[in-house]
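Trainee: Please walk me through this model, one region at a time. I would like to see how each answer is reached.

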Amino acid sequence: RTVYCKREKIADLVPVDIPINLAIAAAWKIASQPSNAIPVYNCTSGSINPIRWGQLETMGMAAIRKYPMENVLWYPGGSYKESALLNTICQLIFHSLPAYMMDSMAYLMGKKPVMVRVVEKMHKAQKAIEYFATNEWKWSNDNVEKLNKELTEVDRRTFNFDLSDLNWPDFIAVYVKGTRQFVFKEDLSTLDEARKHTDKMFWVEKCLQIVLFIVFGKLFAWLFC
């Protein structure tokens with residue numbers, strides 16, 4: 001529910017099939033037109049079809065709500081934080097604390113506690129991308145564009161590595177849908193039920209927020225009024 005990154009930085013994402021196609025085309029180029037020079041092909045999106053972390057946040061949240069997972073424990077939400085300190089505080093409140101509470105309940109019920117370990121792995125993964133989510137780089141893709149122009153029309157379609165026409169909202173939506181279907185093994189026939197469950201979790205979240213607001217309001221009034 002919280003990630004440390006800079007929204008205005010370019011994420012420079014690339015779909016996995018793009019560098020594969022580029023590698024095949026580059027191999028053809030080197031084999032058919034040998035040269036003593038060593039060509040460099042930067043497979044990046046930032047210079048021709050950039051997507052920023054803030055855009056990814058908006059598109060990703062929309063896609064997750066369109067293709068929700070089954071039996072989610074909470075309504076999909078959260079936001080990026082541009083302050084490392086604020087992100088750490090939110091991780092403690094929204095990740096670690098609930099995980100310890102759920103594991104405590106699981107322990108008391110005689111079940112295996114797993115949520116703390118899951119959250120720790122999630123934080124480790126987030127830490128690994130922090131440097132890239134808070135910085136950006138400028139890459140030249142002139143060689144990639146030249147190579148693309150040398151291909152025939154048929155080869156351009158077969159080994160497409162042109163990112164200029166990529167529709168990022170559609171790609172993110174398909175990415176989330178594919179993750180649900182092929183990674184989490186959730187059948188698409190359960191989407192309607194999952195959406196209904198997610199809608200219920202939305203109102204559960206709002207009710208809890210109202211209750212907490214009242215509780216903290218009364219506590220504040222008792223302490224300072």
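**Reading the model**

Trainee: What is the relative accessible area of E120?
Mentor: E120 counts as partly exposed, the class between buried (under 20% relative accessible area) and exposed (over 50%), using a 1.4 Å probe and protein chains only. Keep in mind that this is a predicted model: local features need pLDDT of at least 70 and side-chain atom pairs count only at pLDDT 80 or more, while totals for chains, interfaces and linings use all residues. Residues are numbered from 1 along each chain as its sequence is written, and side-chain values use heavy atoms, leaving out hydrogens and water. For E120, the relative accessible area is 47%.

Trainee: Which helix holds E120?
Mentor: Helices (H or I, at least four residues) and strands (E, at least two) are DSSP runs, numbered from the N terminus. E120 falls within residues 115–133, and its C-alpha lies 8.1 Å from that of S96, 24 residues away along the chain. The element holding E120 is helix 4.

Trainee: Is T2 buried or exposed?
Mentor: T2 sits in strand 1, residues 2–4. Contact means heavy atoms within 4.5 Å, and beyond its neighbours within four places in sequence, T2 is in contact with residues including S79, N87, C90 and H95. Because its relative accessibility is 1%, T2 is buried.

Trainee: What is the relative accessibility of H95?
Mentor: H95 lies in helix 3. Setting aside residues up to four places away in sequence, H95 touches R1, T2, C90, V119, M122, H123 and Q126. H95 counts as buried because its relative accessibility is 5%.

Trainee: Which helix gives the most to the lining of the largest pocket?
Mentor: On a 1 Å grid over the protein atoms alone, a pocket is an open set of points where a 1.4 Å probe fits, with protein on both sides within 12 Å along at least five of seven lines; lining residues have an atom within 4 Å of a point. This pocket has a volume of about 2,400 Å³, and of its 48 lining residues the closest to its centre are R1, P76, G77, H95 and M122. With 8 residues, the top contributor is helix 3.

Trainee: Which residues touch the most other members of the largest nonpolar core?
Mentor: A nonpolar core is a set of buried Ala, Val, Leu, Ile, Met, Phe, Trp, Tyr and Cys residues joined through side-chain atoms within 4.5 Å. The largest one has 15 residues, and helix 2 and helix 7 are the elements that give two or more residues to this core. The members touching the most others are I51, W53 and L56.

Trainee: Which residue caps the N-terminal end of helix 7?
Mentor: Helix 7 covers residues 168–183, and its buried residues pack against helix 2 (53–66) and helix 8 (191–224). At the N-terminal end, a side-chain oxygen lies 3.0 Å from the backbone nitrogen of D170, and the capping residue is N167.

Terms used. Expected span 1.5 Å × (residues − 1). Polar contact = N/O pair within 3.5 Å; in protein donor to acceptor, adjacent residues only side chain to side chain. Points joined across faces, edges and corners; volume = space filled by probe spheres on them.
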